[in-house]
Amino acid sequence: MKNLVLLFILGTTMLSAQDNYTLSGSIKDVSNGETLFGASVFLEGTSIGAITNEYGFYSITAPEGPYTLTISYMGYTDIKTDITLDKNQQLDFEIKEFATQLDEIVLTAEEPERVSLRKPEMSVSKVNIKTIKRMPVVLGEVDIIKAIQLLPGVTNNGEGSSGFNVRGGAVDQNLVLLDEAIIYNTSHMLGFFSIFNADAIKDVKLYKGGIPARFGGRTSSVLDIRQKDGNSKNFALTGGIGLISSRLTAEGPIFKDKGSFLIAGRTSYVHLFLKAAGEKSSVNFYDLNLKANYNLNKNNKLFLSGYFGRDAFDFNGNFTSSYGNMSGNLRWNHIFNDKLFSNASAIFSEYDYELGLDIFEFDWVSSIKNYNLKYDLKYYASNKFKLDFGVSGIYYDFDPGAIAPTTPTSPINPLQLDQKKAFESALYINAEHTLTDKLTAQYGLRYSGFSRLGGQAMADYANEQPVAYNNTLGIYERGEQIGETNFKKSETIKNFNNLEPRASLAYQLNEFSSVKAGYSRVAQYIHLLSNTSSVTPLDVWTPSGQYIKPQLSDQFALGYFRNFKDKAYSLEVETYYKTTDNRIDYLDGSDLIGNNTIETEILNGESRAYGLELLVRKNEGKFTGWVAYTLSKSEQRTLGGNAGGPGINNGDWYHTAYDRTHDFSVTGSYQLNKKWSFGTNLVFQTGRPVTYPNGQYEYEGLSIASYSDRNSDRLPAYHRLDLSATYKPNRKPNKRWKGEWVFGLYNVYNRKNAASVSFGQNIETGANEATRTAIFGIVPSATYNFKF
């Protein structure tokens, strides 16, 4: 593979015209030295240009001669400079944000939020942090995960639920990366807030489809989040004081201006209010973001970043739990020459969960860790051809759970579930190719492998079936275990390999519109075991192996994109169809907690999702925002297969828990004057699929409920309206301290949206009753934010 790539690079270099020269460099913010991802660099009067990568690097190649070079990034002042290309050159630029005028306020959306007609990217959304901070939020906590749920094709399971769902997929089918490190749980306080501190974040990019070949391992989406590098010009403080938490970020130059650092901390103080109110229970969370970088020389740069976050709960001292993420990443950027850029990363991630039940005198601990090495290169062969290629390897350490008695008199015996090891590797190559003036293609191939490693005993079952159908009772049961096989650490339990092709096309109809099409295949080798509609900390990850197959997803998408009135408005319409093989499904009444043979509780099924997405944006003026609508369906089917029987839900297709027929949202921001600005969200969603009882019968004096088909009912529709107002007091232009007040109303008309509906019998009357549980009514908030 390496030799083929080198031959290809050599060939493309030899084919380049002898009088072509390359201009390369980086684009940064003049105020803080942050590199800008997505800045446009082009030569006026030509079709030659480039977009900066994640590290602000660009490279363009053009024939010898004089040019006017233009650098632009929405929200920033354009730079134009005359250059003469008579040799290869390296030019770095710093650009500054627009200055706000007293007599006229015109806001613009950030460039990445606008429609790129020529770029063959499909189903990709980039939301700027400034836009996210203007959105109304519950209890004043700026939330990146809640913000992306206002985009078409993205939902969740309601208030107080963890994670997010993309195009009918499950939470575990999303690859969430923070500075390239895998994040396994994105929530604080069991889903009320996300773990991402917006003050420490620079870029947020969501791939719903058309996933580039450099990403793999999840079948629904990739959420790529990048932390700020830190202010390399001046020491600065940023923070905020809210109703339930406060945050503080410090950043500045280090190593005699050869690098910079960032430290961002956030903590809650709900437990202090509970204590003052005389409550014995407590709830709190914290997180810490760290980042530092150092310029070895103009061609080499080191980055070190980390995240540490944790939640802790104590319910009257009888029940305690805590969970958290931890990650670290050491990266090395190297520029070989003006055409070849590389990044090498060594990454560590861990997620763990702890549970204590004092009444039963035991503790429960589970975790997942991974160690990741990756090397990525980008070769700018010419203005019309760019090549990405790289390799990665991830070592997984799964600890599904250990129970330890906390006292000598505890009735609980120690138990350690089998720890599992696995290794995932990948090799990829991806090209972006301008075929004609109107047609651009992106195509690539990812080769992935997964090995379930030994070092444990595996149960053997009759007929190799861990699940068997009982024809007499009409139910699925645990298969007959006939022994076990001990695998040494040096042995491999199971190997998997998959080719994952990716391709997309963009055809520009005219200067205002284009059509795009895309296809991607993605393999997922690890799975989250959860038979609840919302992810909980008790859920555990497990690798593919003898009885659990990798998920394989194929997605097709077609879209129409258009800009109006010189990009002041934009329209995006996409339709998609996605299938997933080997999707885990759970038997009725399955028991997943503390189960050492989880394969006896599941069957491998399939899922499909399809829909139409519409996004209309207003990008300029005092009022900016968007309207998003999704019409979709998400279904699952699990046949009996070799286990026999009809399958789950009689082998019929049924709605997944993530199915939303209609999903409509309006997001807007209005700048009244220099002091006041306002934001709003309006959300409507079809209710989540659930299974209700449809009857009951008496058995030995007990009332037993019978149920309808799986997920054949729905909760009531979900809708709410949020409002926010931001007030910036008068301040002197040269004063470094800058403050603002943010006032919010979440769920303005106090809608009691159902989180669940439970059924029971009234003890006094004997009548059956349905009880709706709602989490939030109207929630006011106030936050003071500051910069120094």
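Q: Which residues make the nonpolar surface patch of about 420 Å²?
A: Accessible areas follow the Shrake-Rupley method with a 1.4 Å probe, and for residues only the protein chains shown count as cover. Here V391, L427, L445, Y447 and L499 make the patch. Keep in mind that this is a predicted model, where local features need pLDDT of at least 70, side-chain atom pairs count only at pLDDT 80 or more, and totals for chains, interfaces and linings use all residues. Residues are numbered from 1 along each chain as its sequence is written, and side-chain values use heavy atoms, leaving out hydrogens and water.

Q: Where is V391 found?
A: Strands are DSSP runs (E, at least two residues), numbered from the N terminus. V391 lies in strand β27, residues 385-405.

Q: Why does V391 count as partly exposed?
A: Buried means under 20% relative accessible area, exposed over 50%, and partly exposed in between (1.4 Å probe, protein chains only). V391 has 41% relative accessibility, so it counts as partly exposed.

Q: Are the faces of strand β38 covered or open, and which residues show this?
A: Both are covered: V540 and T542 on one side, W541 and P543 on the other, are all buried.

Q: How many bridges join β37 to β38?
A: Two strands pair if DSSP finds at least two bridges between them. Strand β37 (residues 526-529) is joined to β38 by 4, and the two run antiparallel.

Notes:
Patches are made of residues with over 30% relative accessible area and no salt bridge: like charges are joined within 9 Å, nonpolar side chains (Val, Leu, Ile, Met, Phe, Trp, Tyr) within 5 Å. A salt bridge is a side-chain nitrogen of Lys or Arg within 4 Å of a carboxyl oxygen of Asp or Glu.
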